[in-house]
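Student: Hey, I just opened this one and could use a quick tour. Can you walk me through it?

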Amino acid sequence: MTTTRALARLLLPTIPFLWLGAFVLLPFLIVLKISLSIPATAQPPYLPVLDWSGGIDGWGAFLEALDFANYETLATDALYRDAALSSLGLAATATAILLAIGTPIAHALARAPARWQPLLVALVIVPFWTSFLIRIYAWIAILKTEGLLNAVLLRIGLIAQPLEILNTQAAVLIGLAYAYLPFMVLPLYAVLSRLDRRLEEAAADLGASPTRVFWTVTLPLARPGLAAGALLCFVPMVGEFIIPDLLGGSDTLMLGRVLWSEFFSNRDWPLASAVAILLLGIVLTPVLFRESRRHREAAP
Amino acid sequence: MSPVGRLALILGLGFLYAPILVLVAYSFNASALVTVWGGFSTRWYGVLLADGPLMAAALVSLRVALAAALLATILGTLAALALDHGRRFPGRGLFAGLVYAPLAMPEVITGLSLLLLFVGIGLDRGLVTLVIAHATLGLGFVAIVVGARLRGLDPALTAAAADLGAGPLRVFATITLPLIAPALVAGFLLAFTLSLDDLVIASFVSGPGATTLPMRIYSQVRLGVNPAINAASTLIVGLVTLLALTATWLTGRKARTA
């Protein structure tokens, strides 16, 4: 009885563990390895390939042939530096925009009548599940020069000439803010809805205006939600491909897109792998930073 | 609610839904131009149904999504059970990291790394590789949904069954499984919609002859706005919204019963 239970306890993680080892951990190690290879016009298109039959000598030869040229290219070629900086810049700007528009929305959600809240929250969640590609595609018809936005603005006389928005960084920022709004609103709502309202009431009783209460009481208490929302948006936005590709035109460089074109257009698998490792490093940095801060705050 | 709050909600939800509504409206526009309303028409739905490659791609997507969601539900549930109640086993930290990594990782990295694996082991790219990739992605979502439900269960229920002499398998089949069933269905639906929606990972791991619906749509929309794609999008949005609402409803029920 106890042995079967112990056996079940041991076997339970085994199946998903093997699956994840084969399809998450191993692929990552392969990316790491190929990023240290040189491209070759062969099948597969890279060298060196680890030859298992060579035994220890094979490993030695493999290690000697490892090559950091791809990382040198990343560090020296302006294209990759610009793509990395532009990814970070666009993601940071979009995160700032999302903080600005997400906070009032989450605050209003948390203060809505209790019986309306589940419905309103569902309304925020549903677009998140609704075809990412299609929702971004929808913006093309709105933003293009002869599109809906320009037609409306021209009709009401706000502008005399149609604006060029599609295929600019502004379009990418609109797309990012649109696609990631639920990621900002939901964690903020989770914190704001659990907030002790008596603190806000006390501040108001002591004569603070609603604006002052919001800035000096509500917002500082909502800091964990703000941090979680910012992280949830920033990390995937850095590696975004569809939004810069469909809305950004050929001039918008982002790492996800560079990786894609190195792979599909240039067929340079080792360089694409090196870009993947760089991208992974960039997205892991804020995550690890936050984890270590959490650890330090948890310790006395 | 304050007038400012009401305005924020209206603008926010308007921002989220306006593009989708524009798309739906255009799919019924007789004119092919976005700025001209040519009257109500279902002609683009006719064009869509006559589009052989697009219909074939839709079939590929549905088959892949069904298989991937089934696999993801089984594996994700096993992962959630393994991680439940702080159960200790060697490599627990690494395991948890691997379960959730595909959720946070940029899709281009997941796609590239899986493709390099498939090429490395000589697995031909096609339906099988698509199913493996999407099952791996969906697994993490299932683990989150099922894990939340497991945490809400009263441990006294399974302890009582075990005290009355039921073996671990019997406890799972008669007590745990019925109680977490709504989470299994919700997890399945989420994994299904994720698979149906994915463009980036599919582009990497799919091969000739296994073009999914998002891949087909992507190759069309890169050429500009296309009314038949608007019609296809409307149908997909309708289907996915229905699935997402069902999943949200099923996970929402948990909060009240737990």
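**The core and the contact**

Tutor: In the largest nonpolar core, which has 167 residues, the ones touching the most other members are Ile136(A), Tyr180(A), Val185(A), Leu259(A), Val275(A), Leu112(B) and Ala191(B). A nonpolar core here is a set of buried Ala, Val, Leu, Ile, Met, Phe, Trp, Tyr and Cys residues joined through C-beta atoms within 7 Å. A residue is buried if 20 or more other C-beta atoms lie within 10 Å of its own, exposed if 12 or fewer, and partly exposed in between, with C-beta atoms placed from the backbone.

Student: Which helix gives the largest share of this core?

Tutor: Helix α3 of chain B, residues 52–83, with 17 residues. Helices are DSSP runs of H or I, at least four residues, and strands are E runs of at least two, numbered from the N terminus.

Student: Where do the numbers and letters come from, and what kind of model is it?

Tutor: Residues count from 1 along each chain as its sequence is written, and chains are lettered from A and ligands numbered from 1 in the order written. The model is predicted: local features need pLDDT of at least 70, side-chain atom pairs count only at pLDDT 80 or more, and totals for chains, interfaces and linings use all residues.

Student: Back to Leu259(A): what is it in contact with, beyond neighbours within four places in sequence?

Tutor: Ala272(A), Val275(A), Ala276(A), Leu279(A), Val108(B) and Leu112(B). Contact means C-beta atoms, placed from the backbone, within 7 Å.

Student: How many residues does the contact take from chain A and from chain B?

Tutor: 70 from chain A and 63 from chain B. On the chain A side, helix α2 (residues 14–34) brings the largest share, 14 residues. That side has 57 nonpolar, 8 polar and 5 charged residues. Ala, Val, Leu, Ile, Met, Phe, Trp, Tyr, Cys and Pro count as nonpolar, Asp, Glu, Lys and Arg as charged, and the others, Gly among them, as polar.

Student: New topic: what's up with phi at Asn167(A)?

Tutor: Phi there is positive, about 70 degrees, although Asn167(A) is not a glycine. Asn167(A) sits in the loop between α8 (148–155) and α9 (169–193) of chain A.

Student: Is Asn167(A) buried, partly exposed or exposed, and why?

Tutor: Asn167(A) counts as partly exposed because it has 19 C-beta neighbours inside 10 Å.

Student: And where is Arg267(A)?

Tutor: In the loop between α14 (255–264) and α15 (269–298) of chain A. Arg267(A) also has a positive phi, near 50 degrees, and counts as exposed because it has 12 C-beta neighbours inside 10 Å.

Technical notes:
Two residues are in contact if their C-beta atoms, placed from the backbone, lie within 7 Å.
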